[in-house]
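Please keep the sequence and the structure in view while reading.

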Amino acid sequence: FQTLFLNSIVWLGLNVFLFWWYYLVYDVPPKFFYTRVLLGRALALARAPAACLNFNCMLILLPVCRNLLSFLRGSSACCSTRIRRQLDRNLTFHKMVAWMIALHTAIHTIAHLFNVEWSVQARVEEKGTLAAVLSGLGDKPQESYVNFFRQTIGNPVGGLYVAFTYLAGITGVVITLALILIITSSTKTIRRSYFEVFWYTHHLFVIFFIGLVIHGAGRIVRGQTAESLAEHNPEICHKNFTQWGKSGACPIPQFAGNPPMTWKWVVGPMFLYLCERLVRFWRSQQKVVITKVVIHPFKTIELQMMKKGFKMEVGQYIFVKCPAVSKLEWHPFTLTSAPEEDYFSIHVRIVGDWTEGLFNACGCDKQEFQEAWKLPKIAVDGPFGTASEDVFSYETVMLVGAGIGVTPFASVLKSVWYKYCHDATNLKLKKIYFYWLCRDTHAFEWFADLLQSLEAQMQERNNADFLSYNIYLTGWDETQATHFAVHHEEEKDVITGLKQKTLYGRPNWENEFKTIAGNHPGSRIGVFLCGPEGLADTLNKQSISNSEADPRGVHFIFNKENF
């Protein structure tokens, strides 16, 4: 948490520095003296956020280069545990940068609205003022202009003329509209309820970056040339503007446009992202075979697949495309299989149009047995690394899953089971505290078999204390409560069939953390969550408050799945 905070401060500090530096570049030097006469402070207020936009647009693509991040994450030579934990927050940083881009776009746009208005107004201003003389430069041969607007049309028609006929105006309108659509469709409500809208509008980033690169090609921001400054000092010559060009007076100033700079900032990340998409395309063309489709209760299906050369680690995720449902959409799913198995699997809960389409394409809506050759083609990209990969780096871990968020821990627990079936002597992990919170009893069924197998394996190895699990039912009615009470004294739980009884309500996290801290003094305890933001905030706060200041004391290290 402290490292994330420091990184955020550094990033914010760089934004503040760039803003202030470029504000001074356009507000102080004599090069832009006459430009400031026309535009005032709005010139610097437009150019300073433009520099920050270049900086943040350079960063925005890097957190979504998943193959690059997975490579860095898996390279112990260049990526320590602390750095890997920062890489796991890639989407958080991506969102922060996006909001910063939105902020600077708003400032840049508003400032330029004033610049355009004043530039247009200066062309129709009464003669005899410095602004009118400066705006008239360029109308005669051998003169260069400082006012980019060359027509003599007043506002508001002149402003609309700039917006829809000048390159800077057209690209500015297009990239602003693209940014508005991208951000508004990225809200949590849209992502969860209308994922397709989020998916398609997010690809407007291609138009955004093309417009961004060519936005400055028109060179509408102009300053006095170095040669002209050597013979025409604007701080002196502006007082005698009526005498410019006459014998013994200041020569007429000459101006040139600023060359476009954005491409220098974004060409590197754009190239990396292009390579990323080419790798994804290449992997998506590799053949994937669905070996089994299992229908679980609570509208959940399991797809077991095989792919040549596919290698995974616990807790990783993949992107899946089913052309029979959509030829363009890719959706992320956590792998629920273990690296030791000869297949890889995902569990898909049917909650939207795409998952409903996949459910039907796999024949799950039919009663009869589905032939393997009738199963749809699947494209897979990945696997990609997540925080759960680091589970085996700790001696003690807390695994917390909410609802379908239990899927990454299915992979972890399966891998533990396989390791104990063979040889667990080299296993660093000595204790697992597993918590599963779910609203409906049917959701427990598909996962109970795995827990039963692991429970039996631990008892057989005389290591029943290795896994402590607590299953919480957060939603039930009076009929269920009465049934649970009647069967509470039975040896096995009435819902899961496990020896550990299902609990009702929600955990008291403060008590849980204090208990675990007391059981493992002086330990680094990994806390891993796949669940909602509210629960993430709670666990993060508990991890901080229950960690000791003494480096030799107990420390809870919070990790959250992000994809």
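UniProt positions are given here in the numbering used for this chain, and such annotations may be inferred rather than shown by experiment. The model itself is predicted. With that in mind, the unreviewed UniProt entry assigns the annotation "transmembrane region" to residues 5–24, 92–114, 160–185 and 197–218. Two of these spans may be compared with the coordinates. Residues 92–114 are 100% helix and 0% strand, with 34 Å between the end C-alpha atoms.

Strand β7 comprises residues 344–349 and includes His-347. This histidine, His-347, counts as buried because its relative accessibility is 7%, under the 20% cut-off. The side chain of His-347 makes a polar contact of 2.9 Å with that of Thr-336.

A further sheet is built on parallel pairing. Its six strands form an open sheet in the order β12-β11-β10-β9-β13-β14. Strand β13, residues 524–530, runs parallel to β14 and is joined to it by six bridges, with Leu-529 having Lys-560 of β14 as its bridge partner. Helix α20 (residues 509–519) lies across β9 (396–402), β10 (431–438), β11 (467–473), β13 and β14, and runs at about 170° to β10. Helix α21 (residues 533–545) also packs on the sheet, where it touches β9, β13 and β14, and its direction makes about 160° with that of β14.

The charged side chains complete the account. Side chains of opposite charge can pair when their charged atoms come close. The structure holds nine salt bridges. One of them joins Asp-27 and Arg-41, with 3.2 Å between the closest N and O atoms. Asp-27 belongs to helix α1 (residues 2–27), whereas Arg-41 lies in the loop between α2 (33–39) and α3 (42–60), 14 residues apart. Asp-27 counts as buried at 15% relative accessibility, while Arg-41 is exposed at 53%.

Another salt bridge, at 3.8 Å from N to O, is formed by the side chains of Asp-381 and Arg-280. Because Asp-381 lies in strand β8 (residues 379–384) and Arg-280 in helix α15 (residues 262–284), this pair ties together parts that are 101 residues apart in sequence. Both partners count as buried: Asp-381 has a relative accessibility of 3%, and Arg-280 has one of 13%. Asp-381 and Arg-280 also belong to a network of salt bridges that includes Glu-276 and Arg-283. A further salt bridge links Arg-552 with Asp-550, the closest N and O atoms being 3.5 Å apart. Arg-552 is exposed, with a relative accessible area of 70%, and Asp-550 is partly exposed, at 34%.

Technical notes: Residues are numbered from 1 along each chain as its sequence is written. This is a predicted model: local features need pLDDT of at least 70, side-chain atom pairs count only at pLDDT 80 or more; totals for chains, interfaces and linings use all residues. Side-chain values use heavy atoms; hydrogens and water are left out. Helices (H or I, at least four residues) and strands (E, at least two) are DSSP runs, numbered from the N terminus. Buried means under 20% relative accessible area, exposed over 50%, partly exposed in between (1.4 Å probe, protein chains only). A polar contact is a pair of N or O atoms within 3.5 Å; within protein, one must be able to donate a hydrogen and the other to accept it, and residues adjacent in sequence count only if both atoms are side-chain atoms. Two strands pair if DSSP finds at least two bridges between them. Contact means heavy atoms within 4.5 Å. Axes are lines fitted to C-alpha atoms, for helices over the stretch in contact, and angles run from 0 to 180 degrees between N-to-C directions. A salt bridge is a side-chain nitrogen of Lys or Arg within 4 Å of a carboxyl oxygen of Asp or Glu.
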